[in-house]
Amino acid sequence: SFSWVITNGNTVTQQTGNTIIVDWGLTSPFELAVFQTGNELPSCHSDTLNIELQSIGTFTVTGDNQVCQEEVGSYETDIVLESENYDWQILPANAGTIISGTNTENIEIQWQEAGNHVVELNLCGQTATFNVEVWALPTPDVTTPDGLCPNETVTLSTTIAYDSYSWEDENAVISTDPTLEITQGGHYVLNVIDDNGCEGTV
């Protein structure tokens, strides 16, 4: 059988068995001493194995603190532990989805909802948080005529200004100006980029 001596702060206790459970306190030292005793007489025991445990200090979460809606942000913690589950949470839960790195020190989140959200990591009874601002995608509103007469030129424009424009017809990009003059009907697509670097299409 195995005999254990547990130093848990100022308390020293003993347990026996192949496996033990210890509810560690907040104050060091944290030490284990274990030896094995034979089942046959004479009852000899092995050398004692001494293990000193180190408590985990405070940790932080870092990453992309400003992203566009539908973009992927990367987040990590500065503490690496073997055989430990990293409990990552997104607050609110519907704001995004962890798409890689679950239960590891590095994760990627695809953000679905615009707004101010929180990435939370729970590890060994401690919690660290990181604030993320998710920008909504621009939704350009284009002024369009009711119809287009023969030999008439009509100007298409957005109701608010953007940093970048890309007008397309059914074949290719035809203009990168804020406005587009057309002389015939058809299917036109506008891609814009706002001052946050987010892209929207209409």
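Start your tour of this predicted model by selecting strand S1, residues 2–8, together with S3: the two pair in the antiparallel sense over seven bridges. Now click on valine 5 and look across to S3, where its bridge partner is alanine 33.

Next, widen the view to the whole sheet. Four strands make up this open sheet, in the order S2-S1-S3-S4, with antiparallel pairing. Colour S2 (11–16) and S4, which stand at the edges; each has a single partner strand, so one side of each is left without a neighbour in the sheet. On average, neighbouring strands here are turned by 15° against each other, direction ignored.

Show what surrounds it: beyond its neighbours within four places in sequence, threonine 37 is in contact with Ser1, Ser3, Ser43, Cys44 and His45.

Now jump to strand S10, residues 106–111. In a regular strand, side chains alternate between the two faces of the sheet. On S10, Ile107, Ile109 and Trp111 make up the covered face, while Asn106, Glu108 and Gln110 lie on the uncovered one.

Strand S7 (residues 72–77) runs antiparallel to S10 and is joined to it by five bridges; look for glutamate 76 opposite asparagine 106. Strand S9 (residues 96–100) is also antiparallel to S10, with four bridges, and here isoleucine 98 stands opposite isoleucine 109.

Finish at the hairpin that S9 and S10 form, with five residues between them; select glycine 101 in the turn, where phi is positive, about 85°.

Terms used
Residues are numbered from 1 along each chain as its sequence is written. This is a predicted model: local features need pLDDT of at least 70, side-chain atom pairs count only at pLDDT 80 or more; totals for chains, interfaces and linings use all residues. Side-chain values use heavy atoms; hydrogens and water are left out. Contact means heavy atoms within 4.5 Å. Two strands pair if DSSP finds at least two bridges between them. Axes are lines fitted to C-alpha atoms, for helices over the stretch in contact, and angles run from 0 to 180 degrees between N-to-C directions. Buried means under 20% relative accessible area, exposed over 50%, partly exposed in between (1.4 Å probe, protein chains only).
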